[in-house]
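Here are some exercises to work through with the model open beside you. Try each task before reading its solution.

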Amino acid sequence: MAYETIKYEVAEQILTITLNRPDKLNAFNAQMQAELIDAFDAADKDDDVRAIIVTGAGRGFCAGADLSSGADTFDRDARRGPVKRFADGKVDYSDPQVRDGGGQVTLRIFKCLKPVIAAVNGPAVGIGVTMQLAMDIRIASDAARFGFVFSQRGIVPEAASSWFLPRIVGISQALEWCYSGRVFPAQEALAGRLVSKVVAPDDLLPTARALAKEFAAKTAPVSVALIRQMMWRMMGADDPMEAHKVDSRGIYTRGRSDDVKEGVVSFLEKRPAQFKNKVSSDMPDYFPWWSEREYK
């Protein structure tokens, strides 16, 4: 796909995805949705990509949904044409046309096999902040601002944020921000554990890149891919036995792999490890261990 609303740049095994509608504060639209999903598809297939940074062009990260359609912005029937209905006139909510576009992006990021870092350079409201919740680490410039503004627009949180946000910041903090819909500064985001670090604007991308390099430099790509999915998937598990099952499968299969032999021998020989297993071809046979949920 030829990208128009994002930039896709790989250097030193780090992919930087830049939201690129600076004249609109990188407002999110259907084209950006499709391009982001395609970019994460491409990243998972590319063994040269070891980590991903998402940031914004210009002075904003993402100002939320593009509101240029005015009152019809969130009216799916007006924007996309009528959705399916049953004979009695009730909406068939299983119609894919009903699906939230932001949610399709966060679900794709959730499934990603590479570490994902948000480098939040400026205002991030609505989908501009909820898309970050499926990313692993959020680093903010002190110029960043955040807002879960849905209550002030008469809608509800989207992008599966009712699942992600309370798990990241706790239910009370999540509800305070969503009830009020107010925009708050980076230091409040740090205090509320939405972001892990606040830095000066000039330090934002160097800080994110240093972290991404740390993830990539001495680690086994397959191990990192498994760790990402193990941690995220277990947030919804109902018993630690579910983690034990997956841990056991991972220890068994990885324990017999060339990567583990190399990891141990390189440590004993006091030299850098050269991991050869690839995410594109060498994921273990028990992966994925979950059944994909369908939208219905």
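**Exercise 1. Find how many aromatic pairs the whole structure holds, then describe the pair of Phe110 and Phe164.**

Step 1. Searching the whole structure with it gives 14 aromatic pairs.

Step 2. Phe110 and Phe164 make an edge-to-face pair, with 6.0 Å from centre to centre and 70 degrees between the planes.

Step 3. Phe110 belongs to helix α3 (residues 101-110) and Phe164 to helix α6 (residues 161-169), so their pair ties together parts that are 54 residues apart in sequence. Helices here are DSSP runs (H or I, at least four residues), strands likewise (E, at least two), and both are numbered from the N terminus.

Step 4. Check burial, where buried means under 20% relative accessible area, exposed over 50%, and partly exposed in between (1.4 Å probe, protein chains only). Phe110 is buried at 10%, and Phe164 is buried at 2%.

Step 5. Widen the view: Phe110, Trp163, Phe164 and Trp232 form one aromatic cluster.

A note on the source: this is a predicted model, in which local features need pLDDT of at least 70 and side-chain atom pairs count only at pLDDT 80 or more, while totals for chains, interfaces and linings use all residues. Residues are numbered from 1 along each chain as its sequence is written, and side-chain values use heavy atoms, with hydrogens and water left out.

**Exercise 2. Is Ala159 buried or exposed, and is Arg193 buried or exposed?**

Step 1. Recall the background: most residues other than glycine have a negative phi.

Step 2. Ala159, although not a glycine, has a positive phi of about 55 degrees. Ala159 is in the loop between α5 (150-153) and α6, and is buried with a relative accessible area of 0%.

Step 3. Arg193 is not a glycine either, yet has a positive phi of about 70 degrees. This residue is in the loop between α8 (186-191) and β9 (197-199), and is exposed at 57%.

**Exercise 3. Identify the residues that touch the most other members of the largest nonpolar core.**

Step 1. A nonpolar core is a set of buried Ala, Val, Leu, Ile, Met, Phe, Trp, Tyr and Cys residues joined through side-chain atoms within 4.5 Å.

Step 2. The largest such core has 49 residues, and those touching the most other members are Ile17, Leu36, Ile52, Met131, Phe146, Phe148 and Leu194. Helix α1 (residues 30-45) gives the most to this core, with five residues.

Definitions and conventions: Rings of Phe, Tyr and Trp (its six-membered ring) pair if their centres lie within 6.5 Å; planes under 30 degrees apart count as stacked, over 60 as edge-to-face and the rest as tilted.
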